[in-house]
Every structure is written in structure tokens, then in C-alpha cells.
Amino acid sequence: MLKKLKEKPKLLPELFVLSLIFFLAFWIRAVNIVPDRILSYDPVYQYRFTKYFVDFGVFPAWDELSYYTGRAFYMPPLMYYLTALIYWFLKALMSSITLKTACSLAGALYGALMVIPAYLLTRELASAKAGLLAALFVGTAPQILTRTFGASYDTDQLVLFFILLTLWTSFRLFRNPNYFNFMLSLFAFTGFMFTWNMFWYTFYIYLGVIFLWITGNAVSYLFFKGRFPKREIIAQITTAVLLFVSLNLAGELNGLQPLRWFFEVIGFAVHPETWIVNVSIAELQPIWNLVTVAIVPFLVSGALIFALGRKLKNLENFALIFATTAACFIFVSFISYASTSKTFSLSGFRDFTASYLLYSGYGHVAQFLGNFTTGEFALDLFILVTLFSSAFFALYSLFTENYKSKRFVFVLVLWIFFFLTIKGGIRFTEYVSAIGLCLAATGLAFLKAERDILKTLTHGLIIILALVSVSCGIYLGYRLGPDIDANWDNAWKFLREQTPELALVGTWWDPGHMITGYAERRVIADGAHCGFDCMYTINDRITDLGKIFTTKSEKEALKILRKYQGTSPEIYWIASFDLIGKFQWLQYFGTGCDARVEYSKCPLYNMLQLENAYAYTGGNLTIYLFDYGAIKVLYLNYPIAFYVQGKNAMLFKEVLYYENNSVQESSLEKYNATAIYDQLSPIFKAIGYRLTKQFFPWSVWISRDKSVVVTIPPHLREALFTKMFMLEGKGLKNFELVLSNPEVKIYRVKNLEEGWKN
């Protein structure tokens, strides 16, 4: 009791600083909340069921809108309960608040809460100061923030909270398997179970810790005559079994399926590509090359440390790890650059290294540890190397302190799961970032300096990391928020108000949640996975959607659509602008041709943005040239698109453009190539190009506002997507255009009875 009373004065400043970090984490997540707006896609799915619970007090037994004819609802309900309570509380204070606004505030709150278990876990592993630093890192890390800001109302916030919380409670239980720690872990894991069906993830980490600890003791006993703690091993195994059984009982009694989920975690970890939607998400693409970048310095540093480490002091060991990590990062980048580039240049190597380690849109090493980047290459590389070195230094410090200690075993298993989780794809780097940043803060706490100047440098390093962390969080917080697009808003409003209540809507799976959540209509497929509990699985449906977009046959499309119609009186089909950039996947699943490896066989649409526009005047003639980079469009009486290579220009065989508010098709193939050359050659010469007599065998589509051009390969010229979006239904007999704007084209499907005949 006296010890606890003595610790209270120290605890109060810690709690004060932690509360400041919490409010900072909440503010950067809430600063860009827009009233009555949330982010599209998954947040809309979560909002739909939150609204159902708020309106009716229960969850639907059957969700007939999603994957029509629907499926049973089985989502863990904790987030819906908490958000409903928050909404009812806020509604009592502000009657004008909407549920969407409450969802955004709840999302910001859940995201900020994760700083508390980050503090607790790292405090347990190292010290209170390390815990506060970990809380700051986790609360402001861009890689975490981009998935946990307010408008992104999804389970990610609470999942991260419970990942860190269950790691903390399971570590306490592992260190001291008593009744209090058992109940604490049972409470944390139960909350996790009511949040995420993959909650066993951290339980597997807990089991891995016990297994490695028992294995280490067995090896020590058999080969080094160490002590074999039989009674403690029995206690650890018994505790793990009791926790497993208790969680299954609690889940089954509450209508959940924990035992099924236990095995699903293994299945997803081994074969995430089982459902092809995973294959098509850029966030889930394999990143073994980046895992290699992370593992190499880990292994090389380990070898050098254990060869030289005992001769070096604490800070010298950290410096050795830092230098080795930096050298390995640069070396692996150099090997990758040399294997992909035919010529070498220092500037090219620097740009490649920057992209490989720090800045690429998907897949760079900085994402593994929070993605703290400022745009200054030297500073960002320094931060990345420091965080990686600190995380590894935590492992090394615990090993040299006592390699048989439970703290060392726990941190080693965290490192193992760090790499195993990265294997699943970029999508999971928010989870490993939280774990990795706690390890980095732990390592920084183990830095010890004997001289004053070294102490000053150590403190300065920590201050720099803290300042960069805060600045990155604030900068990004102002730039995150809900997506606002009037074109899509009009599309949802049209479907909700101008179509039958039981109408079925089809498109690619991405907008499915908005169709069910905003348009309130049945959908063929959406972003929520649907396995064998659906009439047709997600694999069947995505394949069929791809076929409809890529086929040239309206009859084939009708046949597929009729398969999903059920009791729906009408079917509507959406072709949207965003699918141009995603068409790799529509084509892959619709035809089986993968443009990543067979581009010459099945090339894709290519979209270019307008870069500049010029006017040339000669005599009484003024011509306009629109520059889209390698493709340019010359406006005479009609637009002429041409491809440029150096000073040589080749005309595209066909241009699709807007005139008098309708799409026009201008084909040069019906004219004599020599005559066209003779007519246009002087004009091209005047603007600085040499015109060839051959036609480029692709078509070019020019957007209505001329801001974008899209090249159309020959095999996609007659595809239904081309006819629906670029030609706005021109020539289609079974699809009637009922809404058109620059982003979205909606068609009513006609003659569905023809689907039965084919």
C-alpha cells in the first residue's frame, strides 16, 4: 500500500501528459469532420447497420440488400452498440445532430482511444516515458491515421485499440498467470471478440509466446542443464486453455461463432487469395520484396551485434544497428534499382530509393512503422532508420539483459508476427505499425548515455521524433475527411427516388455499400465478403460482373443479369469513370487475361490528363492544340488525336468526342491515308511535328470538358463498358440510359425476358 501511495505523485503527471496526447489524437481525427457526411465504401456499410440498430433496437436477421438474395447478418455488434449510445447522448444535448455526424465523432473517439493501450503495453515492456512516447507515435502515425480518422467510421479504430489492449493483458497474464490478470485478459479478448471476427490474431501471438518460452526452457534443460519450470509450464498451458474455453463459451452464448473464426484466421493467413476480391485490392498485393528489405537489416544487424556487441557500450551498439540498417536499406534498394534499370545515375538511384523506402503510393518500407514522411528525403530516411533501429535495439537490449526473460520472449514473438503480418499485404501495415512503434519506443527507452553530451544527443533524438510525429499528424489531419462528389450524390438520389423499391442494381463491387446504404437498393455484390452463405459466392459474382463489362454481346450480359434478378421488377446498371483506372481487374476476372503479365494480349485503357493548351494563328486560320503528354489533340473542323514520339506524330484511327451535347465518332479509316497525309502534313509541320502515313490502330475518347483523354485498345472498342461510358449507350438495344453525368452513367436494363431464352 505504501508503495502505491509513493507512486501516485509520479502517476499524475503521466496521466496528464497521456490526456494531452489523447486530445491531440482526437483533434487531428475530428478537425475535418463535415456534418452529415462520412467516407464512402466500408464506413457506409457500418453506418447502415448502426442506423438499423438505432431505428429498430435490433439487427436484421437477414440482409436482403447485400449480395441479393441476401445473407444472414453476423457482424460483431460492439461498435454499433457504442455508437448508438454516443448518438443518443449527443441527441439529448443537440437535437439537430445527425447519425452520420455522430458516427464521425465516434470514429474519431475510437481512433484516439488506442493511445491508452499503446501507453500501457509499452509501459509494461519498458517504462512510463516509453509508454507516453509510444502513445504519441501511435496517435499521430499517418499510416494509422489514414484508416482511423473520424469520417472513416469503420472497425479499424476499435480493432487497433483491442490489438494493443489484448497484447498488454496477455503479456501481464504471461508474466504472472493469476486470477486478476486472467479476468483482465478475458475482459479484453471478449471485447475484441464483439468487435472483429479475426480477434484471435492476438490470441495466436499469446500462444506463440507460451510455445516459444516452453521450447526455450526445454532446450535449456536438455542441452545446457538448465532448470525446467514444470509447475509454471503447467500453469501457463492451463491458463491458455481456460482462456480459450471461456472465450468460446462467451461467444456461443451471445450468438457469435468464435470457434469457426479461430480456424478462419489460419485460413486467411495461409491463403488470403481464397476470395478473389482480395487479389484485386492493391492494398493486399504481395509485398515480399519489401518484407525482404525489412528483414535483411534485422538479420545483418543481429549477426554484427552478436559478433561485436559485447565489446561495445550501449550507445555504440545502437549506432552499429543504425549504421547497419541504413546500409542494408541502401544496398537492397541498389540491387533492386540495378535489376530494373538499364542505365545507372545517382539521381535515378536516389529517386528509386526514395520511392522504394518512403514515398510510393502503395508498398514502401516506411509504411511498416507509421509512414512518418515530410517530403525531405534525408530527414525521412533518418526517421525510418531510427525507428527500425530502435525497434530492433529493444530486442537486442532484452536479449543481453536476460535472454530467458519473459519480456525478451514476448518482444521476439512480436517481431515474428510483425513480419508474418506484413506478408498479408499493405492493408495490414496499420496493425504492424502500431506494434512496431511500441517496439521502437521501447528501444529508445533502453538508450543509456554515460557522458552529458551523449545524453543531450539522445534526448534531442527523441524530441526530433516527437516533433515530426506531431507535425505529420496535424498536417494529415487537416487533409483527411469525407469524400464529397455531387455526381455520385445525384446518382444515389436518382436510384433512391426514381427506381422501384425492390430494384436490383449492378456494377463493379466497389460502390456496392453506397448502393445499399445511400440508394437503399439491392445490389449484386459489394465490398463485404460473402462466402458459401450466399446463393452465389463473391468469386462467382465478381467474375460475372467482369464478364458483363468486358463482353461485346448484350445477350450474354442479359443472361448473366437474369441469373441474379430474383423478384426484382427491374435491374439498373452503372458504368462509372473510376472503372477506367480499375479495368485491369474487371478484365482479369471477366476474361482471365492478366494485363500485368500479358499486356500485349490484353492491353488496358490509358488515361491522360490535360497538361497545356495552345493556339496557333496563321492568316485567317486559328487552330488549337491540347497537350496530354504523349498524346495530343488538334482541333480543326473536328478533333484529330495523334501519338507523339520525339518529333514524329502518328494519327489515331478514331476519335470519340462531344459535340452538341452528344458523342460523335470520327474515324479516319474510311478516308485515304495518303490524302489525309497530304492535307494535314503542312499543318503538323507548322507546329513542329513530322506526320507519318500510318494510323495508330487504337481509338481515343475525349471527355466532355476536354480535361482527360482515354486511349481504347482494339479489343475493348466494342466492350459494353466502352459503349456504356464513352459512347453513353450509343448502339445499345437492351440498356437504356436514364442518368448521365461526368462521373456516372446509369442504365435501365430492358428485355430481361431475353435472358431466359439464352
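Leu243 touches Leu173, Phe182, Ser185, Leu186, Phe189, Phe203 and Tyr206, not counting residues up to four places away in sequence. Contact here means heavy atoms within 4.5 Å. This is a predicted model, in which local features need pLDDT of at least 70, side-chain atom pairs count only at pLDDT 80 or more, and totals for chains, interfaces and linings use all residues. Residues are numbered from 1 along each chain as its sequence is written, and side-chain values use heavy atoms, with hydrogens and water left out.

Leu243 is also among the residues that touch the most other members of the largest nonpolar core, which has 146 residues; Trp200 and Ile746 are others in that group. Helix α17 (residues 377-402) supplies the largest share of this core, 14 residues. A second, separate core of 50 residues includes Leu504, Leu561, Val708 and Phe721. A nonpolar core is a set of buried Ala, Val, Leu, Ile, Met, Phe, Trp, Tyr and Cys residues joined through side-chain atoms within 4.5 Å.

Strand β16 (residues 744-749) is largely enclosed by the rest of the structure, because five of its six residues are buried. Buried means under 20% relative accessible area, with a 1.4 Å probe and protein chains only. Helices (H or I, at least four residues) and strands (E, at least two) are DSSP runs, numbered from the N terminus. Two strands pair if DSSP finds at least two bridges between them.

β15 and β16 form a hairpin, with three residues between them.
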